[in-house]
Amino acid sequence: MNEEIRAEWPLYEVFIRGKRGLNHVHVGSVHAPDGRMALRHARDVYTRRNEGVSIWVVPSADIIASSPEEKDPLFAPSGDKAYRHPTFYEIPDNVPHM
Amino acid sequence: MSSAVAEPQLEAEFEAIVGHKDRIEPRDWMPEAYRKTLIRQVAQHAHSEIIGMQPEGNWIGRAPSLRRKAILLAKVQDEAGHGLYLYSAAETLGISRNELTELLISGKQKYSSIFNYPTLSYTDVGTIGWLVDGAAICNQVPLCRTSFGPYGRAMIRICKEESFHQRQGFELLMTMMRGTEEQRAMVQESVNRFWWPALMMFGPPDDSSPNTAQSMAWGIKTHTNDELRQKFVDMSVPQAEALGVTFPDPELRWNEERGHYDFGQPDWDEFWSVVKGDGPCNAQRLAHRKRAWDDGAWVREAALAFAEKETQAGKEAQAAEEAQR
């Protein structure tokens, strides 16, 4: 088979809003020649049973992601800030509604 | 970011995550053998869904009623969807969709041996739903907790849809069992043909399944082939009784002591010969998939050319607009 025909349709990541009031959530990916077709394919592959009311597709190559190696610099600092959580504060039992 | 972290440390982190039954995600470091094993397993699973469309798709044009046709169409469409969920998961491991398709067509990657058996009448649609999808459910439910995140998430999606497959099959067979003597005989004949191949779907016995121990240590598999096969037999016997059919196994009987059914062994020589390509339909299944792939080449190419043209036209229109300002 000639090499040009082997060219693959680009990959798009698919996000679905399950119902009104919820965020779009990543569900998987589809290949498509362009964004419009990616939407069609996402509809066929990921919403055959009323799983969604809205779809986003994003070219996978355009996603900027943190690296697992950055886990500590990015997320460790929040680990020792217990005072950001309500349970850090002791309130007597006789104080209502708090 | 530098990747200066030493391999032993990365491996220790990986083992710790897997040991805690936590999930590995695509960008995490993973041993090359883990990646390879997963690509092999997820790809084989995806190929099975795609090839699995053929035995039943064969009957869409000959459905006995509009109701059955709508059901079968939806089912076969689901199999396509399941294949695509799984290809999507496999691609997060760094292999492309084209590579996967070519590995299937060239016979370098396998698919489940069950799909190399023919479907001889519409009854087989019912039997496949009941026994083949039933066996698939037994295999797939534990995989929802597999250690590789995208694979587990695809399995959750698939399991939600698989129950419809099994129930429509059982209902089809029940309908036939309420019919004529001839129809009941058709059901029994179909069940006789599919019982042993369905048991083979769980793979070779544990003592000749070399990959199982490592896959379990990595949390890819959580049960052995024989455990799952036993579970399937235990589930299926009361269903067969309710349906009014028997399984073609003289050794099948309840074992009070074990609390499980005893059963005979499938013909493992037949299993290996089908895996190696000598089943009744291997050549036909692959030839059909290859034809669909080759015949679709111009569509893939034309859609890409059209998309490029649209993008180009969009850019030119934008440039013209900017020039006018």
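Buried here means under 20% relative accessible area, exposed means over 50%, and partly exposed lies in between (1.4 Å probe, protein chains only). Helices (H or I, at least four residues) and strands (E, at least two) are DSSP runs, numbered from the N terminus. This is a predicted model, in which local features need pLDDT of at least 70, side-chain atom pairs count only at pLDDT 80 or more, and totals for chains, interfaces and linings use all residues; side-chain values use heavy atoms, with hydrogens and water left out. Residues are numbered from 1 along each chain as its sequence is written, while chains are lettered from A and ligands numbered from 1 in the order in which they are written.

**Helix α8 of chain B**

- Helix α8(B) runs over residues 181–200, which makes 20 residues.
- From its first C-alpha to its last, α8(B) reaches 30 Å, close to the 28 Å expected at 1.5 Å a residue; the expected span is 1.5 Å times one less than the number of residues.
- At Phe194(B) the helix α8(B) has a kink of about 35°, shortly before the proline Pro197(B). The bend at a residue is the angle between axes fitted to the seven residues ending there and the seven starting there.
- Buried residues of α8(B) include Val187(B), Gln188(B), Ser190(B), Val191(B), Phe194(B), Trp195(B) and Trp196(B).
- Pro197(B), Ala198(B), Leu199(B) and Met200(B) are also buried in α8(B).

**Val191 in helix α8**

- Val191(B) belongs to helix α8 of chain B, and its relative accessible area is 0%, so Val191(B) counts as buried.
- Among the residues that Val191(B) touches are Thr127(B), Trp130(B) and Leu131(B), not counting residues up to four places away in sequence. Contact means heavy atoms within 4.5 Å.
- Val191(B) also touches Val245(B), Thr246(B) and Phe247(B).
- Val191(B) and Ile128(B) are 63 residues apart along the chain, and their C-alpha atoms are separated by 8.9 Å.

**Helix α10 of chain B**

- The 19 residues of α10(B) should span 27 Å at 1.5 Å a residue, and the end C-alpha atoms are 26 Å apart, which agrees.
- Among the buried residues of α10(B) are Asn225(B), Arg229(B), Gln230(B) and Asp234(B), as well as Leu228(B), Phe232(B) and Val233(B).
- Cover for the buried residues of α10(B) includes α6, α7, α8, α9 (212–217), β2 (260–262) and α11 of chain B.

- Glu79(B) sits in helix α4 (residues 66–91) of chain B and counts as buried because its relative accessibility is 6%.
- Glu79(B) touches Glu49(B), Met53(B), Glu56(B), Asp133(B) and His165(B), not counting residues up to four places away in sequence.
- Glu79(B) and Glu49(B) are 30 residues apart in sequence and 5.2 Å apart in space, C-alpha to C-alpha.
- Ile60(B) is in the loop between α3 (53–57) and α4 of chain B, and at 16% relative accessibility Ile60(B) is buried.
- Ile60(B) touches Lys69(B), Leu72(B), Leu73(B) and Val76(B), not counting residues up to four places away in sequence.
- The C-alpha atoms of Ile60(B) and Leu73(B) are separated by 6.7 Å, and the two residues are 13 apart along the chain.

**Chain B as a whole**

- Chain B has 13 helices and two strands.
- The C-alpha atoms of chain B fill a box of roughly 80 × 55 × 35 Å, taken along the principal axes.
- Of the 325 residues of chain B, 51% count as buried.
- Among contacts in chain B between residues at least 6 apart in sequence, 76% join residues at least 24 apart.

**Positive phi in chain A**

- Most residues other than glycine have a negative phi.
- Asn50(A) is not a glycine, yet has a positive phi of about 55°. Asn50(A) lies in the loop between α1 (35–46) and β3 (54–59) of chain A and is exposed, with a relative accessible area of 74%.
- His97(A), also not a glycine, has a positive phi of about 55°. His97(A) lies in the segment after α2 (71–75) of chain A and counts as exposed at 84% relative accessibility.
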